[in-house]
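Okay, hi everyone, thanks for coming.

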Amino acid sequence: MADIDPGLSLAAQRSRAAADMLRRMVAHAASRETDRADGALALSRDVYTSPNRFAAEREALFHRMPLVAGFSQDVPNHGDVMLFEAAGPSIIVGRGKDGEIRAFRNMCTHRAAKLLLGEEAACQRKPRLTCPFHAWTFDLEGKLIAQPGKAGFEGHPEGARNLLPVSAVEWNGIIFVQIEGEMDLEAHLGDFAPVLAMMELGTAEPVKRGHIDCAANWKYALDTYGEGYHFASLHPNNIGITHLSDVALFDPFGRHHRVSFPTKAMAALAELDYDQWPVTDYNGVHFLFPNTVIFVGAVEPGKTFVQLFRLFPSDVGQMRCQFAIYAPGGVRDAAHRAETEMGYDLTEQVVRTEDYAQSEQSFANLLAAPADFNVVLGSNEIALQRLHRNIADAIGMPL
Ligand code: FES
Ligand SMILES: [Fe+2]
């Protein structure tokens with residue numbers, strides 16, 4: 001892609017990137033060519049089925065890397081909190097009275113009771129967190145501010161502890177949490193940072209959220225976001241109608257990447273002069289290593305949406321996708337809200353009944369495969385090849 005010019009406004013950066021990507025998509029659509037890896041890559045079935053690998057992934061990827069907990073507008077006001085517990089330990093993410101985002105173990109420092117209950121990532125208004133067990137109370141800076149029966153704890157070194165902090169950073173509208181260790185977000189994002197910043201996710205208003213479970217290895221389900229090779233065969237009644245199969249742009253940014261899928265209509269644009277092409281909003285499937293997909297799309301020109309998919313394994317063969325849809329710049333009116341909600345419902349249905357249903361069936365079959373069976377990723381499945389190489393690298397276990 002053309003380099004992002006930091007001198008331009010973010011909106012102008014998006015328009016420029018969209019125009020550049022459209023040119024590339026039209027060329028790909030006209031030639032039916034797709035971005036490719038050098039060759040095919042065989043993957044041992046262990047990549048998806050080994051409990052040892054899974055344990056290493058949980059530790060290296062889900063506990064020691066920055067993970068997306070949500071977007072800024074999920075907890076917009078001072079005193080708003082949300083739960084982030086899909087990655088393992090239960091964590092509270094809150095916006096203090098100074099406006100800063102902080103995260104803590106969702107664990108009372110008296111006898112470890114949970115302070116907050118509820119749905120993952122759903123905003124709750126709680127400027128103070130009072131423990132349901134014996135009513136110790138904390139503010140959103142994590143400070144213990146009330147302690148009934150205080151005399152009983154006086155003089156003990158652990159008798160009046162503040163909450164246990166967890167590394168959290170709010171950056172360009174995205175809230176990152178890292179469960180263990182201190183986060184180095186700049187190093188993690190690398191040259192993907194300007195692409196994410198350009199999307200102005202800080203203005204994205206949450207409209208609808210939920211989750212989709214899948215009885216498959218989390219990477220098997222994640223693979224479905226990285227290739228359009230399956231559009232015609234797996235999605236004949238939706239994406240397969242509108243989009244070309246096996247034609248994609250692939251832009252790597254370190255461990256992260258963006259893929260973009262040309263529509264069938266784009267092939268015809270190659271016949272027209274460039275100045276007759278329609279204006280296209282910036283769009284693309286952004287993969288934020290290790291488990292997050294941010295899909296920016298448009299229902300019609302000027303009417304964009306952002307879909308956030310965060311995939312969390314609970315076991316080697318079971319995962320949950322935390323799915324939410326947002327309206328960039330905020331919801332304009334009731335019709336816009338209804339359209340955005342419909343965008344959630346349609347996508348949820350396709351992902352659940354097609355991508356994840358296929359993942360479950362294939363993964364069950366893979367579990368029963370001969371021990372020396374390999375799956376194979378084609379050169380056209382370049383995003384998947386890189387994903388698996390990068391995960392293998394991050395956990396220190398070769399493919
Ligand atoms: S466990 Fe929280 S106040 Fe006792
Ligand atoms: Fe799909």
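Let's start at the metal: along the sequence, the residues that hold the iron ion (ligand 2) follow the spacing H-x4-H-x119-D. In three dimensions those donors are His-230 (NE2), His-235 (NE2) and Asp-355 (OD), at 2.0 to 2.1 Å from the iron ion. A donor here is an N, O or S atom within 2.8 Å of the metal (3.2 Å for Na, K and Ca), and since water is not among the atoms, a site may look incomplete.

Quick housekeeping before I go on. This is a predicted model, so local features need pLDDT of at least 70 and side-chain atom pairs count only at pLDDT 80 or more, while totals for chains, interfaces and linings use all residues. Residues are numbered from 1 along each chain as its sequence is written, chains are lettered from A and ligands numbered from 1 in the order in which they are written, and side-chain values use heavy atoms, with hydrogens and water left out.

Which parts of the chain do His-230 and Asp-355 come from? His-230 sits in the loop between helix 6 (218–223) and helix 7 (231–234), and Asp-355 is in helix 10 (residues 334–367), so the pair links distant parts of the chain, 125 residues apart. When I say helix or strand, I mean DSSP runs: H or I of at least four residues for helices, E of at least two for strands, numbered from the N terminus.

Are those two buried or exposed? His-230 has a relative accessible area of 10%, so it is buried, and Asp-355, with 7%, is buried too. The cut-offs are under 20% relative accessible area for buried, over 50% for exposed, and partly exposed in between, using a 1.4 Å probe and protein chains only.

Now zoom out. The protein chain has 11 helices and 19 strands, and 51% of its 399 residues are buried. The C-alpha atoms fill a box of roughly 80 × 55 × 35 Å along the principal axes.

Seven strands make an open sheet in the order 2-11-10-5-4-3-6, with antiparallel pairing. Strand 2 (67–71) and strand 6 are the edges, each pairing on one side only. Two strands pair if DSSP finds at least two bridges between them. Strand 2 has four bridges to strand 11 (residues 174–178), in the antiparallel sense, and there Phe-71 is partnered with Ile-174.

My pick from this sheet is strand 3 (residues 80–84), where five of five residues are buried. In a regular strand the side chains alternate between the two faces of the sheet. Here both faces are covered: Asp-80, Met-82 and Phe-84 are on one side, Val-81 and Leu-83 on the other. On its way to strand 6 (residues 124–125), strand 3 makes two bridges, antiparallel, and Val-81 has Gln-124 as its bridge partner. Strand 4 (residues 91–95) is joined to strand 3 by four bridges, also running antiparallel, with Leu-83 opposite Ile-92. The hairpin of strand 3 and strand 4 has six residues between the strands, and Gly-88 takes a positive phi near 145° there.

Asn-106 is worth a click: find this residue in the loop between strand 5 (101–105) and strand 6. Its relative accessibility is 3%, so Asn-106 counts as buried. Beyond its neighbours within four places in sequence, Asn-106 is in contact with residues including Leu-83, Ile-92 and Leu-116, where contact means heavy atoms within 4.5 Å.

Helix 1 (residues 10–31) has 22 residues and should span 32 Å at 1.5 Å a residue; its end C-alpha atoms are 32 Å apart, which agrees. The expected span is 1.5 Å times one less than the number of residues. The cover over the buried residues of helix 1 includes helix 5 (193–198) and strand 13 (249–253). Helix 11 (residues 382–395) has 10 of its 14 residues buried, so it is largely enclosed by the rest of the structure. Just after helix 11, Gly-396 takes a positive phi of about 70°.
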